[in-house]
Amino acid sequence: MDKVCAIFGGSRGLGRAVAQLMAQKGYRLAIIARNLEVAKAAAGDLGGGHLAFSCDVTKEQDVQNTFEEMEKNLGPVSFLVNAAGINRDSLLVRTKTEDMLSQLHTNLLGPMLTCKAAMKTMIQQQRGSIVNIGSIVGLKGNAGQSAYSASKGGLVGFSRALAKEVARKKIKVNVVAPGFIHTDMTKDLKEENLKKTIPLGRFGEPIEVAHAVVFLLESPYVTGHVLVVDGGLQLTM
Ligand code: NDP
């Protein structure tokens with residue numbers, strides 16, 4: 001049977017690196033993002049057999065339709081990676097409610113909706129492995145990122161609860177919590193200052209996170225785990 005994996009946020013950054021690694025390992029991939037052209041280009045770069053879909057993870061109907069389309073074209077989705085995410089950094093007193101909501105909706109509600117949509121097939125098949133991308137700030141908190149930290153902390157609670165709910169159906173749910181990684185999301189940060197706080201002395205590369213994601217996706221006896229990939233940053237936070 002084909003190993004089919006849906007990667008939300010697979011068009012850029014961490015999700016794209018996961019897609020590149022999984023394509024090399026023989027998975028058939030659905031690359032999903034709002035911008036279909038960018039998702040198509042990312043899927044095309046992986047070689048044949050992979051498909052791109054446009055979907056906004058904050059919209060339940062959109063997510064359900066995407067799962068129907070994916071399963072029609074690729075077959076049952078047994079692997080799911082939630083790498084779609086946004087940040088709107090600012091101190092709480094300056095954060096607009098709409099920015100709080102957009103982060104909670106994309107980073108927390110989005111994975112809840114994709115996991116829910118994935119359950120039907122995974123439960124039927126008694127088989128499934130999910131990795132949600134959290135963040136070290138969801139565990140430690142960070143000034144200027146209260147809403148983002150809340151969304152990522154919530155994602156840990158959600159993932160651990162779901163792991164308990166579906167373990168008997170042989171479905172695993174894990175979290176990877178990265179530190180600072182070179183992607184579009186971090187391109188405007190002051191790396192020279194920030195890297196002094198990282199024990200390994202540098203930002204990470206997307207492929208370094210991708211290896212952790214694939215490790216958890218493929219680990220048959222690990223569920224409800226949070227794997228930190230941060231160059232030791234948590235030791236200093
Ligand atoms: P990027 O900004 O590079 O990529 C984000 C991806 O998410 C894109 O594919 C984007 O495509 C997609 N996306 C954003 N919003 C939506 C939406 N509403 N619906 C569907 N897709 C969406 O981010 P990163 O790769 O850096 O981040 C990936 C994940 O890792 C995020 O959850 C982020 O919070 C987390 N993370 C990143 C860290 C870092 O240092 N880079 C550190 C810790 C965690 P499009 O815009 O076309 O929709």
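Which helices each supply at least two residues of the shell around the ligand? Hi everyone, let me start there, and please keep in mind that this is a predicted model. The helices are H1, residues 13-24, and H4, residues 97-125. H1 gives the largest share of that shell, with three residues. There are 30 residues around the ligand, and Gly9, Gly13, Arg34, Gly85 and Thr183 come nearest. Sorted by class, the shell has 14 nonpolar, 12 polar and four charged residues.

Now to the sheet. It is open, has seven strands paired in parallel, and its order is S3-S2-S1-S4-S5-S6-S7. S3, at 51-54, and S7, at 226-229, are the edge strands with a single partner each, so one side of each has no neighbour in the sheet. From one strand to the next, the twist averages 20°. Proline 178 is found opposite valine 229 in S7.

What packs on this sheet? H8, residues 206-218, touches S4, S5, S6 and S7, and its direction makes about 160° with that of S6. H4 lies across S1, S4, S5 and S6, running at about 175° to S4.

H4 also has a helix partner, H6, which spans residues 146-166; their axes come within 8 Å and cross at roughly 15°. That makes H4 and H6 roughly parallel to each other, and their crossing is right-handed. Among the residues that meet there are Leu104, Leu108 and Met112 from H4, and Leu155, Phe158 and Leu162 from H6. By class, this contact has 12 nonpolar, four polar and two charged residues.

Thanks, everyone!

Key:
Residues numbered from 1 in each chain as written. Predicted model: local features only at pLDDT ≥ 70, side-chain atom pairs only at ≥ 80, totals over all residues. Near = placed C-beta within 6 Å. Helix = DSSP H or I, 4+ residues; strand = E, 2+ residues; numbered from the N terminus. Nonpolar A, V, L, I, M, F, W, Y, C, P; charged D, E, K, R; others polar. Axes fitted to C-alpha atoms, helices over the stretch in contact; angles between N-to-C directions. Parallel < 35°, antiparallel > 145°, perpendicular 65-115°, else oblique. Left-handed = near helix turned anticlockwise from the far one by under 90°. Contact = placed C-beta atoms within 7 Å. Pairing = 2+ DSSP bridges.
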